[in-house]
Amino acid sequence: YSPYLAPSDYALFHEMKNPLRGHRFPDSDALHDAVREWVRDTPKQWLREAIRKLPEMAMVHQTPGR
């Protein structure tokens with residue numbers, strides 16, 4: 001958990017971390033390029049579904065005691 005991440009970040013980061021795992025990026029531009037490539041290559045239906053679920057995920061992460 002990080003107070004600096006929005007609940008929506010968790011779904012994206014979970015899926016994004018595997019293809020980027022083990023890579024070293026020389027600078028933030030290289031990291032941004034890799035993330036842009038991941039978004040471009042990710043099936044659009046998955047992205048639509050992830051976006052559709054954002055309100056539900058936000059409620060789960062904002063529930064006290066979780």
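## Overall picture

Of the chain's 66 residues, 17% count as buried; buried means under 20% relative accessible area, exposed means over 50%, and partly exposed lies in between (1.4 Å probe, protein chains only). The chain exposes about 5,600 Å². Carbon and sulfur atoms supply 57% of that area. Accessible areas come from the Shrake-Rupley method with a 1.4 Å probe, and for residues only the protein chains shown count as cover.

The chain has four helices and zero strands. From the N terminus on, the order is α-α-α-α. Helices (H or I, at least four residues) and strands (E, at least two) are DSSP runs, numbered from the N terminus.

## Model and confidence

This is a predicted model: local features need pLDDT of at least 70, side-chain atom pairs count only at pLDDT 80 or more, and totals for chains, interfaces and linings use all residues. Residues are numbered from 1 along each chain as its sequence is written, and side-chain values use heavy atoms, with hydrogens and water left out.

The pLDDT is the predictor's confidence in each residue, from 0 to 100. The chain averages 80. At least 70 is reached by 74% of the residues. Among the elements, helix H2 (residues 28–41) has the highest mean pLDDT, 93. Helix H4 (residues 54–62) has the lowest, 68.

H2 has 14 residues. From its first C-alpha to its last, H2 reaches 20 Å, close to the 20 Å expected at 1.5 Å a residue. The expected span is 1.5 Å times one less than the number of residues.

Which residues of H2 are buried? They are Ala30, Ala34 and Trp38. Seen down the axis of H2, these buried residues fall within an arc of 80°, so they line one face of the helix. The arc is that of the directions from the helix axis to the C-beta atoms. On the other side of H2, Asp29, Arg36 and Arg40 are exposed.

## Contacts around H2

Two polar contacts belong here. A polar contact is a pair of N or O atoms within 3.5 Å; within protein, one must be able to donate a hydrogen and the other to accept it, and residues adjacent in sequence count only if both atoms are side-chain atoms. At the start of H2, a side-chain oxygen of Asp27 comes to within 3.2 Å of the backbone nitrogen of Asp29.

Thr42 lies in the loop between H2 and H3. Is Thr42 buried or exposed? With 9% relative accessibility, Thr42 counts as buried. The Thr42 side chain reaches the backbone oxygen of Trp38 at 2.5 Å, and Trp38 is itself one of the buried residues of H2.

## Salt bridges

How many salt bridges does a search of the whole structure find? It finds three. A salt bridge is a side-chain nitrogen of Lys or Arg within 4 Å of a carboxyl oxygen of Asp or Glu.

Asp33 and Arg36 form one of them, at 3.2 Å from N to O. Both lie in helix H2, three residues apart, about one turn of the helix. Asp33 is partly exposed at 45% relative accessible area, while Arg36 is exposed at 54%. Arg40 pairs with Asp41, their closest N and O atoms being 3.3 Å apart. Arg40 is exposed, at 55%.

Glu49 and Arg52 form a salt bridge with closest N and O atoms 2.5 Å apart. Both lie in helix H3 (residues 44–52), three residues apart, about one turn of the helix. Glu49 is partly exposed at 27% relative accessibility. Arg52 is exposed at 54%.
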